[in-house]
Amino acid sequence: HPAVLGAEGSRRHRIILGTPGTASSGNTSVTSAKIQVNGVHLHYQQTGQGDHAVLLLPGMLGCSQTDFGPQLKSLNKQLFTIIAWDPRGYGRSIPPPRDFPPDFFERDAKDAVDLMQALTFKKFSMLGWSDGGITALIAAAKYPSLIHKLVVWGANSSVTKEDIKLYNAIRDVSKWSEKVRKPMEEMYGHEYFARTCEAWVDGISQFAEKSGNICEHLLPYIVCPTLIIHGGKDPLVPQFHPEYLHKSIQGARLLVIPEGKHNLHLRFAEEFNTEVEKFLAEA
């Protein structure tokens, strides 16, 4: 297991690079800070003091605050040190504004790994949701010596014509349910949120215009223990995607939560956290 950053080192990072804000819940706290990585100031939240470091990777337009409340609050803080990050252009990692060049997933994967190295975690596990799951798949394939275990849900390694229809249906954020839209509008303001969602649809559609492949070619290079979770009622990710990941990643396991939708880790947080803790704690 990786050695966790000593209190002194972590404090130094926070004073120099952070604008710390601490929210206490019982005897545990979540620290908020920024650190410079690859020319941008990346925001992250950190909690727990366990030997096993875990990085949480959010979905499209998501960040630590919007995407991982139940995980930051309830994952075992004795076993794990939990980091949730905001990818560049999302959450509090603005500036820069978010853009979607052809290699945006690779860029996020490098940023994520370099963030953890900057925080002096030698080796860590990843929990990736949706776009964060794609980022985690790429990171696990490209940096195998650094990744301990991998959990992904709501993720896909290719974009099909069927997917493009589903993405175009969410292009206009005014059609989103208020419950999903509200935290995003509070985080970004309506204009940035609406514009970035449209840019994301165009960005992800780039893959379909070529071969559809996002990271299918990388899946054979994932060697760490991998758990794929899928919501049986996910409206955004058809079941053939997790089944393809399961088939293509050596030794991977697939867990389907029949009533789960895309945000199964929020809606079924207790079950999700229990399954993930069990998987991460296995020898």
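A pocket is an open set of grid points with protein on both sides within 12 Å along at least five of seven lines, and its lining residues have an atom within 4 Å of a point. The model described here is predicted.

**The largest pocket**

The largest pocket is lined by 34 residues. Those nearest its centre are Trp129, Val180, Leu236, His262 and Asn263. Its volume is about 980 Å³. Six helices each supply at least two lining residues: H2 (64-67), H5, H6 (161-168), H7 (178-188), H8 (190-209) and H10 (264-267). Among the contributors to this lining, H7 gives the most, with four residues.

**The largest cavity**

A search of the whole structure finds one cavity of 30 Å³ or more. About 60 Å³ of space lies in the largest cavity. Its lining consists of Leu57, Pro58, Trp85, Pro87, Tyr90, Arg98, Phe105, Asp108, Asp131, Gly132 and Thr135. Helices H4 (104-118) and H5 (131-142) each supply at least two of the lining residues, and H5 has the largest share, with three.

Helix H5 supplies at least two residues to the lining of the pocket and three to that of the cavity.

**Threonine 135**

One of the residues lining the largest cavity is Thr135, which lies in helix H5. Is this threonine buried or exposed? Threonine 135 has a relative accessible area of 3%, and it is buried because that value is under the 20% cut-off. Leaving aside neighbours within four places in sequence, threonine 135 is in contact with Leu57, Phe105, Asp108 and Ala109. Leu57, Phe105 and Asp108 are also listed among the residues that line the largest cavity.

**The chain as a whole**

The chain has eleven helices and nine strands. Its radius of gyration is 18 Å, close to the 19 Å that the globule rule gives for 283 residues, so the chain is as compact as a globular protein of that length. Along the principal axes, the C-alpha atoms fill a box of roughly 50 × 45 × 35 Å.

Of the 283 residues, 55% count as buried. Among contacts with a separation of 6 or more, 73% are between residues 24 or more positions apart. The chain exposes about 12400 Å², and carbon and sulfur atoms supply 53% of that area.

Conventions:
Residues numbered from 1 in each chain as written. Predicted model: local features only at pLDDT ≥ 70, side-chain atom pairs only at ≥ 80, totals over all residues. Heavy atoms only, no water. 1 Å grid on protein atoms, 1.4 Å probe; cavity = no way out; pocket = protein on both sides within 12 Å on 5 of 7 lines; lining within 4 Å. Points joined across faces, edges and corners; volume = space filled by probe spheres on them. Buried < 20%, exposed > 50% of the residue type's maximum accessible area, 1.4 Å probe, protein only. Contact = heavy atoms within 4.5 Å. Rg over C-alpha atoms; globule rule 2.2 N^0.38 Å. Areas by Shrake-Rupley, 256 points an atom, 1.4 Å probe, with all protein chains shown as cover.
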